[in-house]
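Biologist: Before we discuss how the chains of this model meet, could you show the sequence and the structure?

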Amino acid sequence: MRLWPRIGRGFGRGGCHGGGVRLGDGRLRKVGVVGSPNVGKSVVFNNLTGAYVTVSNYPGTTVDISRGKAKIDGEEIEIVDTPGMYSLLPISEEERVARLILFQEKPEVVLHVVDAKNLERMLPLTLQLIEAGLPVMLDLNMMDEAEAAGIEIDVKRLERELGIPVVATVATTGRGMETLRRRLAEYVRSRSCAVAV
Amino acid sequence: MMELEEKAEELLETLWLGTEERNEESLPLENIAEAEKEPLSQLLKAGYIALSDDRVRLTERGRTIARNVVRRHRLAERLLVDVLGTGGMLTHEKACRFEHLLDRGLDESICALLGHPKICPHGKPIPPGKCCQLKRTPARKLVSSLSQLAQGQMGKVAYVYASESGKLQKLMAMGILPGAPITLIQSFPSYVFKVGETQFAVDKEIADSIYVRLVEPEDAGEIIEKELPEPGRKLRWRFGWWPRRK
Amino acid sequence: MSEAEAVPLRYDEFLEAALSRIGGLLKGHYGISRRAVGLLLLQGDPQMEREVKKRDAASYSLLQEIVSQARAHYNQPLSYVIALRRQQEARRLVSAVVTLRGKRRPGFAEWLSRAMMHPVSGSLILLLVLYFGLYQFVGVFGAGVVVDFIEGTVFGEWVNPWVTELVRGFIPFQVLQDLFVGDYGVITLGLSYAFAIILPIVATFFLVFSIIEDSGYLPRLAMLIDRVFKAIGLSGRAVIPMVLGFGCDTMATIVTRTQETRRERIITTLLLALAIPCSAQLGVIFAILSGSGMALLIWAVTVALVLLLVGYLASKVIPGERASFYMEVPPLRLPKLTNILAKTYSRLQWYFVEVLPLFILASVLLWLGDLSGLFGLVIGGLEPLVKFIGLPPETAVVFLYGFFRRDFGAAGLYDLHSAGALMGVPLVVAAVTLTLFIPCIAQLLVMWKERGAKTALAIAAFIFPFAFLIGFVLNLILTRLGVSL
Ligand SMILES: Nc1nc2c(ncn2[C@@H]2O[C@H](COP(=O)(O)OP(=O)(O)O)[C@@H](O)[C@H]2O)c(=O)[nH]1
Ligand SMILES: [Mg+2]
Ligand SMILES: [Zn+2]
Ligand SMILES: [Zn+2]
Ligand SMILES: [Zn+2]
């Protein structure tokens, strides 16, 4: 049952162009990588694009946006790495930068990377992204550390509860990244078609 | 000082809210509900209030008393919400009933047990008592600011006291919201604590604004009974709904 | 494939009513759902208020009314009420999907983490990091051993003679020969400085720095130092741009964006420009002062005092709210070699793309200046200043290099010292003055971009005379005290 109509979802996004075709204005489909600081967004970005943006173990490494291209399932997709954001209500300059990407660039998929061992602190942003009608996909990263802390997550159940695709990864070793790519490709495709309907 | 009836105290409270907290000199008589007007003459006679041009104002002596009533009312609210966990059921009447029981002396003990809170659950200021300046600490506290915890002590976030919304937002971003389990790891040179699986470092100002509940509601009654002087005991039997230990 | 529908979270009755009223009034396009726009309005997001004022001007006052009604309905700020509800839902989800297995006991990483944050053992660890990481590895190894080899052997014995030969053979005019291989030649000065002196120092520094960054040491350092930084109007958070500044002040000035208040950003920018030597400077200074522990100590103490003093005064003068300190302390992690190498490489690349053209340009300008006699004039102008702080006139040229880039000046200092022209007290005075001396062109440009022209120029205008003043005072004290180094 839908409690809230899907208002505003994907305003102005291009229609359905089928797999592998660029959008009407010639721009590539886009995936925005967002999440709190220091959860591994840049590692995910590097893994997807094969480029290198700085990865460090402290919050606030990334202050600017980085863009790269990933070849997923034979399709070229633009990936955007953003500075960390805690919520959609920004406190700092970097958060404002990250939010702008979401609101103005309308990526086909918003990949929310979270620290799996701190799920409770991370989920409020997922809820906000869903609330904003953005096409969210959740990446439970740092699963190795979560497991070491004795935390086990029922990914399928979380997927059902949230109603969005959820994957589990260890970005630094590449575990789960294949699944992430596959689900990302599926989602990107279904998103750019769903809008037109 | 003469013993005041509950009704008289209620009226003093109303007057405090209407004048002190609105930066007004006096309150028009018509702003006071008919039902509340009954003890007016008693208070006039005691010299706690003064009347002029259909307006009431608190005298110097009256202000001291009213301030205390408000203090006890808000402490009672804190006790009900943070410790006894009556969260949603908090009503003005319940707090008012409680407040009259927190006699002088008792309010200081409760205040200390609650870690000398600065605001009530509604965000209104709690006028500080002598105990707050002395920072008296009882053997076992129910609630304490994070900065007052011992290293390694844990509890759950009771509430945060933030004077400006930016600070509140920072705390929210860190996941510091009521109910979150929290452990103090270190207190010098900065405060380091753990919420969930994450550690944070903060300065004293922020550590001062996080209040931590140290006991579960079921255990609160017993501690209050132990820590409070004689009159406190009656609290328990007067309020049969006080949660009992399982 | 049947895709589950993501259902937005529901708030309490009152908020839901307010949200649907707001949703009904919004006609503009915002790129996100009206529900989210409504929630941001309720939470008082200034940017969204501006957007709505622009796109839904007609109903803006009505919207404002709904918002203020909602605010009045709650005792707490709406952002708090809303956050509580989200937290509640997050907690519900977590209890539904997360199972906790036995807790592991805290291991070595946690033990080390506590040791790093303890005031006593933490200070000790800081000293060890500075001594081994900076002094031994960057100063003694990078700026000493490696530079000696590359400058002395590779360039001095092979490249320079060979290139000189080559140029002399192909280019007929002395003047043009000088452009490449003269005193200020593009190859003998520009490239040789860049590759023989700067590269080894910066590379060793970036390597150490990457290891420190990836281990998670910096947030712990921030926590340790917060109290000291509060005295200079900053918070522990400023540790990150400050430490980055030791790598490259330009890069660090960009990172000041992570700071919360404008005041903090200005003070950090000022201190970066004034008292934080970049890695090339630091390495050169370690290398040339390493002969005498006393000289190094005087340099370090003077620069640290200047940093604290200027920071303290700036915090008194610059208006704005006080900084507060809060920082996530991530777990200590074992740095990954691939990441360290990739990061060091990418930073070096970034650095050289920025530096090399400037070094070459500087060589060309110096060559032109030398040719036209303009150079002599400028040096002539600088000489009295240099003499004023007790330095031999030859050092004037080093300050001129310093205008182009800090590291260029540092390399010049190194050269002068190796030639035996600068020793003892004047060497320390020159090192201090050059450390404080004007931010290089690149840094000035970044300051301009990040802080605005007024602030950037004001900072530069303050630093120039101030550096010489400190040099003068230091020289006076050291000579009066009869210090011999
Ligand atoms: N153990 C572990 N560490 C990770 C994982 N992903 C990222 N990291 C580390 O987390 C830190 C932050 O990563 P980064 O990509 O810079 O985070 P960002 O701020 O979200 O971009 C780095 O030290 C990474 O090596 C993971 O899956 N497991
Ligand atoms: Mg990043
Ligand atoms: Zn009352
Ligand atoms: Zn209250
Ligand atoms: Zn008190």
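Modeller: Buried area is the accessible area, found with a 1.4 Å probe, that two parts lose on being put together, summed over both. Please keep in mind that this is a predicted model.

Biologist: How much area is buried between chain A and chain B?

Modeller: The contact takes 9 residues from chain A and 10 residues from chain B. Carbon and sulfur atoms give 59% of the area that these chains bury. The side of chain A that touches chain B divides into 6 nonpolar, 1 polar and 2 charged residues. The buried area is about 760 Å².

Biologist: How much area do chain C and chain A bury between them?

Modeller: Here 66 residues of chain C are in contact with 64 residues of chain A. Of the buried area, 57% lies on carbon and sulfur atoms. C:Val97, C:Arg257 and C:Glu328 supply 11% of the area that chain C buries against chain A, more than any other three residues. The total for chain C and chain A is about 5,900 Å².

Biologist: Which residue of chain C forms a salt bridge with A:Glu120?

Modeller: The count between chain C and chain A is 8 salt bridges. In the bridge made by A:Glu120, the closest N and O atoms are 2.8 Å apart. That distance is within the 4 Å cut-off, so the pair qualifies as a salt bridge. The partner of A:Glu120 is C:Arg91.

Biologist: Which helix gives the largest share of the side of chain C that touches chain A?

Modeller: Across this interface the rule finds 27 residue pairs in polar contact, both residues being at pLDDT 80 or more. By class, the side of chain C that touches chain A has 30 nonpolar, 15 polar and 21 charged residues. The largest share of that side, 11 residues, comes from residues 78-97 of chain C, namely helix H5.

Biologist: What area do domain 1 and domain 2 of chain B bury between them?

Modeller: Chain B is divided into domain 1 (6-65), domain 2 (75-134) and domain 3 (143-237). The centres of domain 1 and domain 2 of chain B, taken over C-alpha atoms, are separated by 22 Å. In domain 1, B:Glu10, B:Glu13 and B:Glu21 lose the most area to domain 2, together 59% of what that side buries. The two domains bury about 500 Å² between them.

Biologist: How many salt bridges are counted between domain 1 and domain 2 of chain B?

Modeller: The side of domain 1 that touches domain 2 has 1 nonpolar, no polar and 5 charged residues. A salt bridge requires a side-chain nitrogen of Lys or Arg within 4 Å of a carboxyl oxygen of Asp or Glu. Between these domains of chain B, the salt-bridge count is 0.

Definitions and conventions
Residues numbered from 1 in each chain as written. Chains lettered and ligands numbered in written order. Predicted model: local features only at pLDDT ≥ 70, side-chain atom pairs only at ≥ 80, totals over all residues. Heavy atoms only, no water. Contact = heavy atoms within 4.5 Å. Polar contact = N/O pair within 3.5 Å; in protein donor to acceptor, adjacent residues only side chain to side chain. Helix = DSSP H or I, 4+ residues; strand = E, 2+ residues; numbered from the N terminus. Nonpolar A, V, L, I, M, F, W, Y, C, P; charged D, E, K, R; others polar. Domains from an automatic or database assignment.
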